[in-house]
Amino acid sequence: MRILKSTLIFVFGLFLGLFGYKYLEQHRRIENPTKEKFNRLLDYVDHYYVSEVNTDSIVDATINSILSKLDPHSVYIAPEDAQFITERMNGDFVGIGVNFMINKDTIMVIKTIPDGPSDVAGIYAGDRILMANKDTLYGKRLNEIKSVTTYLKGPLNSKVNLEVYRPQKGKQHFNVTRGVVPIKSVQASIQLNDTLGYIKVERFAKTTYKEFKKALTGLKKSGVSSLIVDLRNNSGGYIAPAIDIADEFLEDDKLILFTKDRDEKIDKSFATSSGMFEEGNIYVLIDENSASASEILAGALQDNDKGTIIGRRSFGKGLVQQEMELGDGSKVRLTVSRYYTPTGRSIQRPYDKGTEAYYDEYTERYESGELTDASKVKFNDTLVFTTPKGKKVYGGGGIIPDVYVPKDISHDLEVLNFADYAGVIVQFVFVELDSNRSFYRDVASKGIETLEISDDLVKAFKKYSEGKGLVYKGIDINDTIKIYLQSEMARQLNDNDQSFRLRLKTDPMLKKILDLDK
């Protein structure tokens, strides 16, 4: 009897489910005629159009068109891009653990991840990957491959046989067991002097807070009482890590931020009593490319009168996105709420004139002189807020720093920075290291700072850059070029902290902090 009763309940539930589904579908058709119209049109085109049509591309274009009407940060992520983005935000992927570049028709290993699969297997920087299992990855075949990484990534603990060419030794074979490879978002943790520490956060991923906590713990044990948190060129990511990091600096029950959705529902986030750097001095570096979660962290500290924000006005993104999978590997990030800093300000820039005008406003900062002159910084007088200690802060257009540091836009430095961004420095340094790997490995063991970069190497770099269309006008930049080259050598020789330490030598924001932190 119990079985019969259970069966009847199941059948009745199934009936209700099917009936409910059909009712819901009918209800949708009545309540959402526009959706039904789109589906009918798509079916009509698919079945009767005079030529074969890729309806997937029509749907993708339609989704992009719909989202573009909403706001600049509601976006569609195509399947081919989704995996890359997901890996960066998760903070790891499964692969062989190499940093590589493609030069002409060859995959060249720039460096291996320390203790990663390739490092353990015996692959070296400078090796050329020729084949993965039986797949050819060089020559004309390389140009036909859509993505090299599909041959290097794979299931956890799966094996791949790599054939590599090693200069001076010829072809060699390595069996590599794929493993979890971290994608670190905290790129450097450095003690600059007895009391001053530096942490560079490149983005806010799932692993960021854990990485940050480890770095902060190490610096504090070393006696650091002042800390620089570098958020320059950090476009954001997940909100949670930014809140957790802010909690390390703010006292118990201090408001970090609050969000508000379409129904005016407010969700507040407060600091806890677990902060480990509540008494220290904090300096947060931001620039025009600091956005979203970076602005949450900077705004939380600024509005609580904690630390000093240094740099230039941040991007100005105060919208929160939620990610939804569409079933074919693609995703949509849809804006579901706005966030506000503790004083109640939204730092979101206006986007009522459309996405193109929105991004044009960002580029206008170069033309207006805002990046080089503090008096040209735009702020909205009608959106003035006051911190607990009486400091005025502004909403409506990014975080305005407490201490302004202009951007050096001299021609040669701009060319050098573009060479850095475009990978020209990476390529040149790789070729230089490749010319004498044993010598440079020996230098790295002693400390890359012991290596003197010659004037001849600078000339060679300039000539190499000219071949890429980048021309320098004078020699004033030569000392900076030497530091950039030395820094990239350190990075490729697996000394990331030293790479950042060298770059900071020319950093005007660091110089400003050294003046303040006395």
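**Close-up A. An aromatic cluster in the predicted model.** F315, Y351, Y358 and Y359 come together as one aromatic cluster. The model shown here and in the views below is predicted.

Close-up B. The structure contains 14 aromatic pairs. In the pair formed by Y44 and Y48, the ring centres are 5.4 Å apart and the planes stand at 55°, so this pair is tilted. Y44 and Y48 both belong to helix α2 (residues 33-48). They are four residues apart there, which means that about one helical turn separates them. Both tyrosines are exposed.

**Close-up C. A stacked pair linking two strands.** F258 and Y340 form a stacked aromatic pair. Their centres are 5.1 Å apart, with 10° between the planes. F258 sits in strand β13 (residues 255-261) and Y340 in strand β18 (residues 331-340), so the pair ties together parts 82 residues apart in sequence. F258 counts as buried because its relative accessibility is 13%, below the 20% cut-off. Y340 is buried as well, with a relative accessible area of 15%.

**Close-up D. Charged side chains over ring faces.** K153 lies over the face of F93, at 5.1 Å from the ring centre. R503 is placed over the face of Y484, and here the distance to the ring centre is 3.9 Å.

**Close-up E. The six-stranded open sheet.** Six strands form an open sheet in the order β10-β11-β12-β15-β16-β21. The pairing is mixed. β10 and β21 (403-404) are the edge strands. Each has a single partner strand, so one side of each lacks a neighbour in the sheet. Within the sheet, β12 (residues 226-230) and β15 (residues 281-286) run parallel and are joined by five bridges. D230 stands opposite L285 of β15.

**Close-up F. Two helices packed on the sheet.** Helix α17 packs on the sheet, where it touches β10 and β11. The direction of α17 makes about 70° with that of β10. Helix α18 (residues 508-516) also packs on the sheet. The strands touched by α18 are β11, β12, β15, β16 (308-311) and β21. The direction of α18 makes about 160° with that of β15.

**Close-up G. The buried residues of α17.** Helix α17 spans residues 496-503. Its residues Q498, S499, F500 and L502 are buried. The buried residues of α17 pack against β10 (186-191) and β11 (196-201), and also against helix α16 (478-492).

Technical notes:
Residues are numbered from 1 along each chain as its sequence is written. This is a predicted model: local features need pLDDT of at least 70, side-chain atom pairs count only at pLDDT 80 or more; totals for chains, interfaces and linings use all residues. Side-chain values use heavy atoms; hydrogens and water are left out. Buried means under 20% relative accessible area, exposed over 50%, partly exposed in between (1.4 Å probe, protein chains only). Contact means heavy atoms within 4.5 Å. Rings of Phe, Tyr and Trp (its six-membered ring) pair if their centres lie within 6.5 Å; planes under 30 degrees apart count as stacked, over 60 as edge-to-face and the rest as tilted. A charge sits over a ring if NZ of Lys or CZ of Arg is within 6 Å of the ring centre and within 35 degrees of the ring normal. Two strands pair if DSSP finds at least two bridges between them. Axes are lines fitted to C-alpha atoms, for helices over the stretch in contact, and angles run from 0 to 180 degrees between N-to-C directions.
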